[in-house]
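Hi,

Here is the structure I promised to pass on. Have a look at it first, and then read my notes below.

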Protein chains: 4
Amino acid sequence: MQLGMIGAGRMGANIVRRLLRAGHDCVAYDVDPTAVAELVADGARGAATVDELVAALEPPRAVWAMVPAGITGHVVTDVASRLSPGDAVIDGANGYYGDSIARAAVLAEDGIAHLDVGVSGGVFGLARGFSLMIGGDAAAVERLAPIFRDLAPGVDSAERTPGRTGAPAPAEEGWLHCGGPGAGHLVKMVHNGIEYGMMAAVAEGLNILDHAGIAVGRPDDDPEIAPLKGPERFRYDLDLAEITEVWRRGSVVSSWLVDLTAAALHADPDLAGYQGRVADSGEGRWTVQTAVELGVPAHVIAGSLFARFSSRGESDYGDRVLSAMRHQFGGHVEHPVTGPPT
Amino acid sequence: MQLGMIGAGRMGANIVRRLLRAGHDCVAYDVDPTAVAELVADGARGAATVDELVAALEPPRAVWAMVPAGITGHVVTDVASRLSPGDAVIDGANGYYGDSIARAAVLAEDGIAHLDVGVSGGVFGLARGFSLMIGGDAAAVERLAPIFRDLAPGVDSAERTPGRTGAPAPAEEGWLHCGGPGAGHLVKMVHNGIEYGMMAAVAEGLNILDHAGIAVGRPDDDPEIAPLKGPERFRYDLDLAEITEVWRRGSVVSSWLVDLTAAALHADPDLAGYQGRVADSGEGRWTVQTAVELGVPAHVIAGSLFARFSSRGESDYGDRVLSAMRHQFGGHVEHPVTGPPT
Amino acid sequence: MQLGMIGAGRMGANIVRRLLRAGHDCVAYDVDPTAVAELVADGARGAATVDELVAALEPPRAVWAMVPAGITGHVVTDVASRLSPGDAVIDGANGYYGDSIARAAVLAEDGIAHLDVGVSGGVFGLARGFSLMIGGDAAAVERLAPIFRDLAPGVDSAERTPGRTGAPAPAEEGWLHCGGPGAGHLVKMVHNGIEYGMMAAVAEGLNILDHAGIAVGRPDDDPEIAPLKGPERFRYDLDLAEITEVWRRGSVVSSWLVDLTAAALHADPDLAGYQGRVADSGEGRWTVQTAVELGVPAHVIAGSLFARFSSRGESDYGDRVLSAMRHQFGGHVEHPVTGPPT
Amino acid sequence: MQLGMIGAGRMGANIVRRLLRAGHDCVAYDVDPTAVAELVADGARGAATVDELVAALEPPRAVWAMVPAGITGHVVTDVASRLSPGDAVIDGANGYYGDSIARAAVLAEDGIAHLDVGVSGGVFGLARGFSLMIGGDAAAVERLAPIFRDLAPGVDSAERTPGRTGAPAPAEEGWLHCGGPGAGHLVKMVHNGIEYGMMAAVAEGLNILDHAGIAVGRPDDDPEIAPLKGPERFRYDLDLAEITEVWRRGSVVSSWLVDLTAAALHADPDLAGYQGRVADSGEGRWTVQTAVELGVPAHVIAGSLFARFSSRGESDYGDRVLSAMRHQFGGHVEHPVTGPPT
């Protein structure tokens, strides 16, 4: 079927390409004409303006906005102003689900459906398929099902869950109408919160293993640090690329994230290409904020988010406060940065 | 090749069965003769005593102990006392790696190799293969490689990591000689620590989604609880079985743990069969303790462990301390358990 | 000087009483005439309506609203509509500082000053004095300084900080103009966040000590729980009322919260009067949310907030998810609630 | 009464001085004769060897060892070998309480009492008095009560707890016989764990306030970071020295740690003298390890410990793992360290 795509960046372009391969008719627009041209070369129709894109689609239209989270509100509102009752706008950005609820209500006044779609799969989505979590009007979701079905990985990409038989449900194909407006972005938000926690679990574990040789050459008589009992337990030199590789098959932690970690460590065993200043997007933050609003504990997800903040030096002032207190009550003096290991 | 197995419980029996299917010659002993008889029915040779088991093996022997963590030390020491120089004992329990280091040193004095093998895969190992993390003498590991290779899932059980070519490394088959004595149990310990963190991430996320309907029927005027802003954001009724199902394909959190969660929720959507008193074994505790000894942060793994403690009511006294403080400084009185939602 | 007080609950009434004792002229209004009558008996003037209260004050007026957080916005807006340019409204509730910024901007359009004042001290404030954190227009704060000074505990209530000499600064008297609109509520919000963390630290420590006899009578052979090494370390029967008492003098943790804990434990050594369902107000939540917005780590404050949520059973669903996963991969069955200790 | 002191460092010397001021007879030994000479100048008797010190005391003797935690075991064992039945050794170091249990058992075989005494008060103890948490033989504690009483701050150093009347209990004077061997060091260990948590709560809160001006000059269009909503809430320039000062009187967080923080900030408002590499001693680590062994949650204390580890760069490898994962699945590239604020 027909789909208009606004935004031909990494994600938007791959969505279009996957749809083209499945035989859909896509019209693409981007502020960067080069990005559009590349999609045209792959079989899409190009549009030089949003108006052109809208004109190139037959009602009831479906326009997917795949633009940075910071501007998705503007883009959705703008395109909606050019659409007609019965049309649908799909917001595929990592947006805050509360904003999606509000936007859907506004568009509904003009008879335009607003679908909020959380898209997971990253740069691998073109080949593996995208996981789609969809919120909004049920009729619009049903109408656009062919799009979602072809974007999703398909039921064969994993063994069926025990007990599930018959025709696969959409969730088994990799897409799901989660509920009314906002539900898609809500589920995607929590998905990313879980992702933060899983990533941190792996990182913490590997960090422990990376330190497993700490007793080699360590001074034992520094009064400022705790002495090491049983140093024979801390003299390993482990190969983390091989360890993550072995976890990929048959282990309880086998997961796509472990697959990716094994790939990264195979390519760069010392991770020398990274500084460890870990960025975060809104999703992790919103998840913690929502947990707080709902009054449910989220030790792990919050801990993983805060660790990212710390990785960027955001705990420095607090750390200096701690050293200042220690100096006050105990006369303790900090080790200089260039000093012995602490 | 030949292997003696002491312990024919769930794990030991499945290891034997998987080896039998691959054509190995297994001798099994268990305190429970019925368990041995079942393995004999599947093609193993049975032994009525440890001595019988030892006598049934040709040197250099390999005896695998797969018994509860609490008694593995006794069993290993006991069987080693009946073995000869050149033989090997494999400790496959979830043991503390420091104990494995000590035991290997003792057995080495008698010329007996001690291999500590972390085994992951649970009840699915028979069919999927077991993930094996091995520590100890390199020569013994090499000699027993056929055993490990056939127990492991094999390279075909996952796509190869990009950049890996040629003959698959053992890690790609699903087994790895991680290092000297203790390395296997150390890597398994950290594996389980990661597992705790991943599980908690999933549980927290689903708990958030489970609360996403909190605004339905909620009183808004209780001075003891924070008022809910934007209640339209908290009126969802989500189907968590479908949501975990959709995450199984193409999403960043796709993992065996999500697979299992989807299966559990499909079978029992309300999880009515569980009380939420979550057990923990030594592995998670040792991981946190080791992190503390090494001086590396483990917010997520520790948080997941503590949450299990709390699930069993172990924070109750501390919680009463908090309520007592609040009563002292603010005159606050607790809501009765049977009262309004807090 | 003159002050009108709207709200004669626990906090509002004690503020009036402390001002009366210092010789100020207070007019009080409350929806409950009895509460007003009690203040009149203590020397205040009573008002039957807000209009009466406003009429009883000479311009430039100062009206303090001390009402529950949920209605403070309405009350402030309402009273401001009856005031004149040059008057001031003081919002003493535990309000969200972002709301205070917005309200101050609205009132400023009518020439009315809005001061947001965080008040700490609880039920002891009448005797000990209140700690006041003030945001808003500097001129209004200066005009009302006599009120703030007399409400505050005064410089003699603690030793002067080393290096501070000369006339005490307002902060040394116990009140502070923290900054522009919202600054008072912001500082109070963070104060309460710190309070949550401190309280949790004490509660966790006492909970550890409360468990220090865990080895007495504990079964050692439960395969579902980690065996206890060195049980001689866990056979204490400690007197927590005495322990908190000893911490009150000379120790690094000496603090008002420890004072209160010692008092609570002296009065009720088993804390039998509490169930351990710990309430939270908006302050702790806003602190965590603000930390997330600012991108700064708050492991401790968030951890203390989440522990309160868990104390009220809000982790139950997530805990059941964990047990379900464990059942899936390991065949583990939960201990019944009435079973052996886990 | 008489006391021998081994170790005339900061803590040992101040203990001797406080006892001398109270009229006790002290004999001091240290490997550094200068330290002894200084105490002799203050009225102590000096000893050139441990034997001399023992000879200078009349039985039943009491010898206090106040040496670094790493060597306290050696010192206690050594001095005990020179003592007679009925004598007592006091271990005042921050030792692990399990070691104290073991040492007390060994000394008991020779009829020598071993008291483990946790000492809090830091460099201020000489003037304020020391808080003493004591474990070991009740008779020895009773015999040495005059020593403990004079070291402690005394009942007048804080208001009496409501409900406590009559002759003050030892805990009210600031010293407590907590229980049998190890109980003193156990209670001190947990005290320090609480201290870690309280310190972290203050540090986190001040760090939040330190960031309260984050919106000033912040770019709003970086796709790698979450956009800032309501930037008017983040334009403060707060004076943290004044804010901690105001919290010292009447607030719920008033505490010695806040006193010290206010002093540190008054002396060095930017904390320019600190780098924020926060040391930890064994106490915090042992507290977390003990919590894990006991199966009780310690989110806050563990979080505060891990944050210290992170402050020293110990999360760096894990952070690089996270960035590597993000690069793998999303193609995300880290901001260079010298780049825009993240």
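A word on how elements are named: helices (H or I, at least four residues) and strands (E, at least two) are DSSP runs, numbered from the N terminus. This is a predicted model, so keep in mind that local features need pLDDT of at least 70 and side-chain atom pairs count only at pLDDT 80 or more, while totals for chains, interfaces and linings use all residues. Residues are numbered from 1 along each chain as its sequence is written, chains are lettered from A and ligands numbered from 1 in the order in which they are written, and side-chain values use heavy atoms, with hydrogens and water left out.

Let me start with a helix in chain C. Helix α15 (residues 316–330) has 15 residues and spans 21 Å from its first C-alpha to its last, close to the 21 Å expected at 1.5 Å a residue (the expected span is 1.5 Å times one less than the number of residues). Of its 15 residues, 13 are buried (buried means under 20% relative accessible area, exposed over 50%, partly exposed in between, with a 1.4 Å probe and protein chains only). Just after α15(C) comes C:Gly331, with a positive phi of about 70 degrees.

With strand β5 (residues 88–91) of chain D the sense is parallel, over four bridges, and D:Val89 has D:His114 as its bridge partner.

Now the charges. Searching the whole structure gives 70 salt bridges over all chains (a side-chain nitrogen of Lys or Arg within 4 Å of a carboxyl oxygen of Asp or Glu). One of them links C:Lys229 to B:Asp99, with the closest N and O atoms 3.2 Å apart. That pair crosses between chains, from the loop between α10 (183–210) and α11 (240–246) of chain C to helix α5 (residues 97–109) of chain B. C:Lys229 is partly exposed at 49% relative accessibility, and B:Asp99 is partly exposed at 26%.

C:Asp99 and B:Lys229 also form a salt bridge, at 3.2 Å from N to O. C:Asp99 sits in helix α5 of chain C and B:Lys229 in the loop between α10 and α11 of chain B, so this pair joins two chains. Here C:Asp99 is partly exposed at 25%, as is B:Lys229 at 47%.

What about the arrangement of chains C and D? A rotation of 180 degrees with 0.0 Å of shift along its axis puts chain D on chain C, with an RMSD of 0.0 Å (least squares on the C-alpha atoms of residues with pLDDT of at least 70 in both). That is the relation of a two-fold axis. In chain D, D:Ser255 has the C-alpha nearest the axis, 1.9 Å from it.

Cheers

Methods: Pairing = 2+ DSSP bridges.
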